[in-house]
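Hi there,

Here is the structure I promised to pass on. Have a look at it first, and then read on for what turned up.

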Amino acid sequence: MEVVRILDNLAGRNAKVDVDVLLVNPGSLKAVYQGLSNEFSAVEMPILPALFASYLRKQNLTVDILDAPAFNLSPEQVAEVIDENFSPKLVVLVVYGFQPSASTQNMPAASATCRALKNRNSDIKIMMTGTHPAALPRRTMEEEDIDFVCDREGPETICATVQYIKSSGGSLLDVPSLWYWQEGCIRNNAPGDLLSDLDEAMPEAAFDLLPMDKYRAHNWHCFEHIHDRQPYASLYTSLGCPYKCSFCCINAPFGKSSYRMWSPDWTIRQIDTLVNEYGVKNIKFVDEMFVLNKSHVIDICDHIIERGYDLNIWAYARVDTIRDGFLEKLAKAGVRWLALGIESGSKHVRDGVEKGRFGATDVVNVVRDIQAADINVIGNYIFGLPDDTLESMQDTLDLAIEANCEFANFYAAMAYPGSKLYSMAIENEWELPDSWIGYSQHSYECRPLPTQALTAVEVLKFRDEAFDKYFTNKRYLDLVEKKFGQDVLDHISRMMEIKLPRRLYS
């Protein structure tokens, strides 16, 4: 139930809405993206809370979702809305994200929300779940004003916890994957099994609990129709990732052997709902690696093609997962963008983070193959990986300029909690950000990892200058003008006028 509807329905009433579980999506677009938040960043749909809600409903629990970023609510406003309009048995802060840093960078907003809730009602029960809490469950319990942490994917732990709260008996010992306070000490239970049959566990996403008119696609996602970025939706077709890149924390809530898929039939049912009930055309497949299992991808594409939908989809792929037969089907199904994790122009640097097996020539050839199939490419590059030097980072920028993708993301390497890099950073006493918002790539407080040869300042400065060089490069701008027209060229020009202040530079 969206906030506006809550306030309209409850105006002048004394009664609050009784609900077993209230799922809260925390976050602050302004803190994370600074000046880019107004026009250029996406307003992401929190699909995981919608899936969790589906699971809880199947267990005959009442559930609602409050999406703070969609309504631009501060933590204090979130607490006010909850305190004045809800009577929840359990509030769950779902601190997940749509790329590795998104969970950690949302922790300041999540933390402030919990404090504001407890200040209003010290008896309210609060749980945190998500990539960051799962990676650092004990520290999260110690530092946050909460009662519980879930150290796995969430639904079963949330369900068992609220059933414990509602019951007159029972024991917290029976709740899998739970961290909690008991007699002044932090206790934790054994991890539970991951959900196996995703279709059965979460039969449909609870889109009806989300303010579907509030979500906005990434700017580049809509370069083919830059003035038509809404409505927009996100959808998982799988959970987890079979790869173990050392800079990535995606598997923190899942553990090993975590890769599972929803069926293509389930996926097309969700797309049917998005298209026919909400008029959605712009869709993001949130899977960490969508273009991976050939039969899974082809079956989903065939379902979409049979429906004849006119969609604008983007999804993740790897340079080494683009195979014969994929591209034609993807294009016919409406996949207009593929995001490639290219990461570095140096094979030595890629090998150091377990992302090797392809060279610069392979990257450019794969980009050209995708573009030849009439699919746009967004290249993802990382500066400041452990073996990086100024020369190897320049190799990465040179590769990006040569590949000339329709858009590019330039990241500074971060040791995200839950990644192998984070463990290495702790072991080697590398300097880390002094606040969780410092893990945001675009924040004022951003502090990347130093390398053996470079300081954090040098890495961040190179990243910011590389961004400027790429998006003012004449060859790139000529490509944009030819493919997308003057409106997109003007859009990029406005984007480049926004400079991100950095504390490291002051």
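Before the details, one term: helices here are DSSP runs of H or I with at least four residues, numbered from the N terminus. With that in mind, Asp398 sits in helix α17, which covers residues 390-403. Please keep in mind that this is a predicted model.

**The chain as a whole**

The chain holds 21 helices and 15 strands. It has 506 residues, of which 61% count as buried. Its accessible surface is about 19,700 Å², with 47% of that belonging to carbon and sulfur atoms. If we take the contacts between residues at least 6 apart in sequence, 76% of them join residues at least 24 apart.

**Charges**

Back to Asp398: together with Glu391, Asp395 and Glu402, Asp398 forms a negative surface patch. Asp398 counts as partly exposed because its relative accessibility is 39%, a value between the 20% and 50% cut-offs.

Side chains of opposite charge can pair when their charged atoms come close. How many salt bridges does a search of the whole structure find? The search gives 25. One of them pairs Asp147 with Lys118, with 2.9 Å between the closest N and O atoms. Asp147 is in the loop between α9 and β5 while Lys118 is in helix α7, so this pair ties together parts that are 29 residues apart in sequence. Both ends are covered: Asp147 is buried at 15% relative accessibility, and Lys118 is buried at 11%.

Arg318 and Asp320 also form a salt bridge, again with the closest N and O atoms 2.9 Å apart. Here Arg318 is buried, at 2% relative accessibility, whereas Asp320 is partly exposed at 27%.

A further bridge joins Arg336 to Asp374, whose closest N and O atoms are 3.7 Å apart. Since Arg336 belongs to strand β13 and Asp374 to the loop between α16 and β14, the pair ties together parts that are 38 residues apart in sequence. Arg336 is buried at 13%, and Asp374 is partly exposed at 48%. There is also a network of salt bridges that links Lys16, Asp83 and Arg120.

**Backbone**

Most residues other than glycine have a negative phi, and most peptide bonds are trans. Some places to check against that:

- Gln230 and Pro231 are joined by a cis peptide bond, with omega about 0 degrees. Pro231 is in the loop between α11 and β8.
- Ser177, which is not a glycine, has a positive phi near 60 degrees. Ser177 lies in the loop between α10 and β6 and is buried, at 2% relative accessibility.
- Glu429 is not a glycine either, and its phi is positive at about 60 degrees. Glu429 lies in the loop between α18 and α19 and is exposed, at 72% relative accessibility.

Apart from neighbours within four places in sequence, His296 contacts Thr237, Met261, Trp262 and Pro264.

Ala372 is in helix α16, residues 360-372, and is exposed at 68% relative accessibility.

Notes
Residues numbered from 1 in each chain as written. Predicted model: local features only at pLDDT ≥ 70, side-chain atom pairs only at ≥ 80, totals over all residues. Heavy atoms only, no water. Patch = residues over 30% accessible without salt bridge, like charges linked within 9 Å, V, L, I, M, F, W, Y side chains within 5 Å. Areas by Shrake-Rupley, 256 points an atom, 1.4 Å probe, with all protein chains shown as cover. Salt bridge = Lys/Arg side-chain N within 4 Å of Asp/Glu carboxyl O. Lys, Arg positive; Asp, Glu negative; His and termini not counted. Charge placed at Lys NZ, Arg CZ, Asp CG, Glu CD. Helix = DSSP H or I, 4+ residues; strand = E, 2+ residues; numbered from the N terminus. Buried < 20%, exposed > 50% of the residue type's maximum accessible area, 1.4 Å probe, protein only. Contact = heavy atoms within 4.5 Å.
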